[in-house]
Amino acid sequence: MNIIRVKDYEEMSRRAAAIISAQILLKPDCVLGLATGSSPEGLYQNLIRQYENKELDFSRVTSVNLDEYKGLAPDHEQSYRRFMNDHLFDHVNIDKARTFVPDGLNEDSEKACLEYDQLIARTGGVDLQLLGIGNNGHIGFNEPADAFACGTHCVELTQSTIDANKRFFASEDLVPRYAYTMGIRNIMEAKKILLIASGKAKAEALKAALDGLVTPKVPASVLQLHRDVVVVADEDALGLVDRS
Ligand code: F6R
């Protein structure tokens with residue numbers, strides 16, 4: 001595991017964007033696994049800037065997103081599809097037909113998850129998976145649990161995640177209770193993983209993930225078993241990590 005310690009959110013965004021753009025330059029038809037949330041917003045802005053400066057071409061890139069709230073339509077203000085359109089896809093020359101997010105409107109969880117797994121397989125597999133980390137150590141919506149979930153599955157969100165995400169909704173009641181998410185196997189099958197984290201709120205989760213035991217109680221700890229992980233995190237987020 002390669003840990004890149006940076007000063008702040010801005011530097012994290014720049015350094016992480018450089019890793020993604022290197023991937024696109026090396027393999028223009030690569031498959032990117034993408035994440036939503038506040039962690040990657042600055043990174044996406046950097047990628048947009050590089051595209052505008054004609055340094056980056058997304059025309060052959062395919063993307064698969066980690067997760068989506070169950071029950072939200074693609075154009076819902078808080079859906080992850082909408083997030084991706086607003087923060088990246090609408091601003092670069094990616095072919096939207098090759099950008100994939102789990103179908104939040106599919107009420108048949110089993111079918112929705114199976115279809116997403118099949119879709120990921122059809123892309124040929126993820127070259128670079130971008131991840132944020134939840135305050136409770138979740139990755140995607142893989143919440144602390146007794147066992148690692150393998151493929152795409154439907155999860156009931158924990159109170160900690162609802163608390164962390166309610167800032168985006170008019171009230172807590174409006175936060176969806178379920179989500180579709182890639183599973184740990186999907187994430188671990190990516191050829192390369194890029195984990196980003198910024199701020200003190202992530203310090204305990206990052207400590208447990210990087211220095212603790214590998215356990216489904218801290219889903220991100222499984223990344224210790226992947227052979228190509230880069231962590232780009234700022235001083236606050238790495239504050240409790242020994243090896244930093
Ligand atoms: C988002 C996702 C989540 C977030 C995590 C951190 O697609 O899968 O696991 O990466 O909740 O969220 P932020 O970046 O908002 O702190």
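**Loops, helices and a sheet: a working chat**

Reader: Where is Lys54 found?

Author: Lys54 lies in the loop between H2 and S3. Helices (H or I, at least four residues) and strands (E, at least two) are DSSP runs, numbered from the N terminus.

Reader: What should I know about the model and the numbering?

Author: This is a predicted model, in which local features need pLDDT of at least 70 and side-chain atom pairs count only at pLDDT 80 or more, while totals for chains, interfaces and linings use all residues. Residues are numbered from 1 along each chain as its sequence is written, and side-chain values use heavy atoms, with hydrogens and water left out.

Reader: Back to Lys54: buried or exposed?

Author: Lys54 is exposed, at 76% relative accessibility. Buried means under 20% relative accessible area, exposed over 50%, and partly exposed in between (1.4 Å probe, protein chains only).

Reader: And what phi does Lys54 have?

Author: A positive one of about 65 degrees, although Lys54 is not a glycine.

Reader: What about Lys202, buried or exposed?

Author: Lys202 is buried, with a relative accessible area of 14%. Lys202 is in the loop between S9 and helix H7 (203-211).

Reader: What does Lys202 touch?

Author: Not counting residues up to four places away in sequence, Lys202 touches Ser39, Ile133, Gly134, Asn135, Ala197 and Ala237. Contact means heavy atoms within 4.5 Å. Gly132 is 70 residues from Lys202 along the chain, and their C-alpha atoms are separated by 9.8 Å.

Reader: Changing topic. What is the strand order in the open sheet?

Author: The order of its 7 strands is S1-S10-S9-S6-S2-S3-S5, with parallel pairing. Two strands pair if DSSP finds at least two bridges between them.

Reader: Which strands stand at the edges?

Author: S1 and strand S5 (99-100) do. Each has a single partner strand, so one side of each lacks a neighbour in the sheet.

Reader: How many bridges join S3 to S5?

Author: There are 2 bridges between S5 and strand S3 (residues 62-65), and the strands run parallel. Val64 stands opposite Phe100 in S5.

Reader: How many residues of S10 are buried?

Author: 6 of its 6 residues are buried. Val229, Val231 and Ala233 are on one side, and Val230, Val232 and Asp234 on the other.

Reader: How does S10 pair with S1 and S9?

Author: S10 pairs with S1 in the parallel sense over 5 bridges, and S9 and S10 also pair in the parallel sense over 5 bridges. Ala233 in S10 stands opposite Arg5, and Ala233 is the bridge partner of Ala197.

Reader: Now H1. How many residues, and what reach?

Author: Helix H1 (residues 9-26) has 18 residues and reaches 26 Å from its first C-alpha to its last, close to the 26 Å expected at 1.5 Å a residue. The expected span is 1.5 Å times one less than the number of residues.

Reader: What covers the buried residues of H1?

Author: The cover includes strand S1 (2-6), strand S2 (31-34), helix H2 (41-52), strand S6 (128-131), strand S9 (192-197) and strand S10 (229-234). Among the buried residues of H1 are Met12, Ala16, Ile20 and Ile24.

Reader: What about Ser21, buried or exposed?

Author: Ser21, in helix H1, is buried with a relative accessible area of 5%. Its side chain reaches the backbone oxygen of Ala18 at 3.2 Å. Leaving aside neighbours within four places in sequence, Ser21 is in contact with Leu47, Gln50 and Leu56.

Reader: And what is the relative accessible area of Ala22?

Author: Ala22 is also in helix H1. Its relative accessible area is 34%, so Ala22 counts as partly exposed.

Reader: Last one, H4. What span should its 15 residues have?

Author: At 1.5 Å a residue, helix H4 (residues 109-123) should span 21 Å, and its end C-alpha atoms are 21 Å apart, which agrees.

Reader: Which residues of H4 are buried?

Author: Ser109, Ala112, Cys113, Tyr116, Asp117, Leu119 and Ile120. Seen down the axis of H4, the buried residues fall within an arc of 160 degrees, so they line one face of the helix. The arc is that of the directions from the helix axis to the C-beta atoms.

Reader: What is exposed on the other side of H4?

Author: Glu110, Ala121 and Arg122 are. Just after H4, Gly124 takes a positive phi of about 95 degrees.

Definitions and conventions. Polar contact = N/O pair within 3.5 Å; in protein donor to acceptor, adjacent residues only side chain to side chain.
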